[in-house]
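Reader: I have a new model to look at. Please walk me through it, briskly.

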Amino acid sequence: MSDKVQIGLIQASHDVDGNEPVEVHKHESIKKHIGLVREAAEKGAQIICLQEIFYGPYFCSEQNPKWYDAAEEIPNGPTTKQFQDLAKELGVVIVLPIYEKEGIATYYNTAAVIDADGSYLGKYRKHHIPQVGVGDKGYGFWEKFYFKPGNLGFPVFDTAFAKVGVYICYDRHFPEGARLLGLNGAEVVFNPSATVAGLSEYLWKLEQPAHAVANGYYLGAINRVGYEKPWEMGEFYGQSYLVDPRGEFVAVASRDQDEVIIGEMNKKFIREVRDTWQFYRDRRPEAYEDMVELLK
């Protein structure tokens, strides 16, 4: 297995008005992203990550049960199956963030991980679920209406090209899971997101490079672009990027364009950085017991 791996990050606008039926959103988005995955593969990407709940708008802007119909089972739902076929055809690993339904009516914000032979490796469920207003028109990140907190821990997936971890959007504000992904062996962590200017932009290029440095891995951060109707709660400001274990930006996308960016990760460089900064050796987990105590 080569030390050098080509990482593809996909950011895209969503062009269908939110008032359209769920089926229209999914059909148009899936068609668009299949084209972008093919473009990434043509550019040499070996591991490709899409944006948070890629096959629709960021519907959490409102609280509307209509969007429950967008959820699918993983891995038995049609979208996971479709992208398994695509991954096998192209020989690429795909990190596929979709809206998951389990059982009759339990919902999660999830990413499926598909290996380069099309096999399903497992899934990560978003742990930290926001409920945050944006602006004065009633819009926001109303995710507790749609998602149950993740309950599958912080798995790392041993893919054909690298050991992959996933953190989703709001998770990036919490260092604990980022550390657990490193402890579980991640060489690259992906954070597919949907976040708008005026709320989080000042943190966008601070927190995740810090996770990469503190944990000695590459991190791919993905954000969608544009304004989504009818909500228009803010600009999804793109600027997806790959950052290395020293906090240096390997590749950065534009603010407002549909784009596939390719960045190279080097596993030898991970080893060199970890041999210099022995954060795993020098940490003191026995001193952290208060972190897991309930507030009194």
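**Helices, charges and rings**

Author: Start with two helices: H3 and H5 are oblique to each other. (Under 35 degrees counts as roughly parallel, over 145 as roughly antiparallel, 65 to 115 as roughly perpendicular, and the rest as oblique.)

Reader: At what angle do the axes of H3 and H5 cross?

Author: Roughly 40 degrees, and the axes come within 10 Å. H3 covers residues 175–183, while H5 covers residues 207–215. (Axes are lines fitted to C-alpha atoms, over the stretch in contact for helices, with angles from 0 to 180 degrees between N-to-C directions. Helices, H or I, have at least four residues and strands, E, at least two; both are DSSP runs numbered from the N terminus.)

Reader: Before we go on, where does the model come from?

Author: It is predicted: local features need pLDDT of at least 70 and side-chain atom pairs 80 or more, while totals for chains, interfaces and linings use all residues. Residues are numbered from 1 along each chain, and side-chain values use heavy atoms, without hydrogens or water.

Reader: Got it. At what angle do H1 and H2 pack?

Author: About 20 degrees, with their axes 11 Å apart. That makes H1 roughly parallel to H2.

Reader: Is Glu89 buried or exposed?

Author: Glu89 is exposed, at 53% relative accessible area. Arg38 is partly exposed, at 32%. (Buried is under 20%, exposed over 50%, partly exposed in between, with a 1.4 Å probe and protein chains only.)

Reader: How many salt bridges does the structure hold?

Author: The structure holds 17. One of them joins Lys31 to Glu28, where the closest N and O atoms are 3.6 Å apart.

Reader: How many residues apart are Lys31 and Glu28?

Author: Three, both in H1, which spans residues 22–42. So about one helical turn separates Lys31 from Glu28. Lys31 is exposed, with a relative accessible area of 51%. Glu28 is partly exposed at 33%.

Reader: Now loops. What does Glu235 form a salt bridge with?

Author: With Arg255, and the closest N and O atoms are 3.1 Å apart. This pair also links distant parts of the chain, 20 residues apart. Glu235 sits in the loop between E12 (225–226) and E13 (236–237). Arg255 sits in the loop between E15 (249–252) and E16 (259–266).

Reader: And is Glu235 buried or exposed?

Author: Glu235 counts as buried, with 17% relative accessibility. Arg255 is partly exposed at 30%.

Reader: New topic: aromatics. How many aromatic pairs are there?

Author: The count comes to 22. (Rings of Phe, Tyr and Trp, its six-membered ring, pair if their centres lie within 6.5 Å; planes under 30 degrees apart are stacked, over 60 edge-to-face, the rest tilted.) Take Phe59 and Tyr99: their ring centres are 5.3 Å apart and their planes are at 40 degrees, so the pair is tilted.

Reader: Where do Phe59 and Tyr99 sit in the chain?

Author: Phe59 is in the loop between E2 (47–49) and H2, and Tyr99 is in E3 (residues 93–102), 40 residues apart. Both Phe59 and Tyr99 are buried.

Reader: What about the rings of Phe59 and Tyr146?

Author: That pair is edge-to-face, because the planes are at 65 degrees; the centres are 5.0 Å apart. Tyr146 lies in the loop between E7 (140–142) and E8 (156–158), 87 residues from Phe59. Tyr146 is buried, like Phe59.

Reader: Which residues form one aromatic cluster with Phe59?

Author: Trp67, Tyr68, Tyr99, Tyr107, Phe145, Tyr146, Phe147 and Trp231.

Reader: Last one. Where is Met291 found?

Author: Met291 is in the segment after H7 (279–282). Met291 is exposed, with 53% relative accessible area. The C-alpha atoms of Met291 and Glu259 are separated by 40 Å, and the two are 32 residues apart along the chain.

Notes. Salt bridge = Lys/Arg side-chain N within 4 Å of Asp/Glu carboxyl O.
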